[in-house]
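Hi,

Here is the structure I said I'd pass along.

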Amino acid sequence: MAPLKLVRYLKPSCVIPVLKAQTKQEAIEELLDCLRAEGLLEDVDAVREDVFAREEQMSTGLTDGLAIPHAKSAGARQLCVALGLKPEGIDFASLDDKPSKAIFLVVSRVDRAGPHLECLAEIAQFYSRPEARERLLKARSVEEIMASLEA
């Protein structure tokens, strides 16, 4: 399988091997902090508002422990991704009612829908493969996580 394109948008400094967060809101905030610290957001408050507004429309918790909170926002400089793992999981009101263990935050500019949708689809497709999902969830360091995505 070819390396994921999303790794172009995921800086190692925006990968958290073990999230401290206990709730969906805390997880999103922790991931937003990474993007803000990396200088990837024009306006973190606008992005936060857009991500939480999107979350209110419909939960971004999918199945098999995956959540992809996301938003297109005027506060984003470009498409960017942050990833956090939570081995015991966080309640994201997932479609299968199971806790989310891999949380990908995807944020992009309002005027760039194509790459945003491609990134979401690529994450879902990657994670749907049991061997890829298992490799990611077993990773315990930033290096192991990045390697699992690039394999």
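**Salt bridges and a helix pair**

Glu134 is partly exposed, with a relative accessible area of 45% (buried is under 20%, exposed over 50%, partly exposed in between, using a 1.4 Å probe and protein chains only). Before you dig in: this is a predicted model, where local features need pLDDT of at least 70 and side-chain atom pairs count only at pLDDT 80 or more, while totals for chains, interfaces and linings use all residues. Numbering starts from 1 along each chain as its sequence is written, and side-chain values use heavy atoms, with hydrogens and water left out.

Back to Glu134: its side chain meets that of Lys138 in a salt bridge at 3.0 Å, N to O (a side-chain nitrogen of Lys or Arg within 4 Å of a carboxyl oxygen of Asp or Glu). Lys138 is exposed, at 56%.

The structure has nine salt bridges. Among them, Lys86 pairs with Glu88 at 3.3 Å, N to O, and Lys86 is buried at 3%. Another joins Arg129 and Glu131 at 3.2 Å; Arg129 is buried at 17%, whereas Glu131 is partly exposed at 45%.

Lys138 also turns up in the helix pair: Arg135, Leu136 and Lys138 in H4 meet Glu144, Ile145, Ser148 and Leu149 in H5 (contact means heavy atoms within 4.5 Å).

Cheers

Methods: Helices (H or I, at least four residues) and strands (E, at least two) are DSSP runs, numbered from the N terminus.
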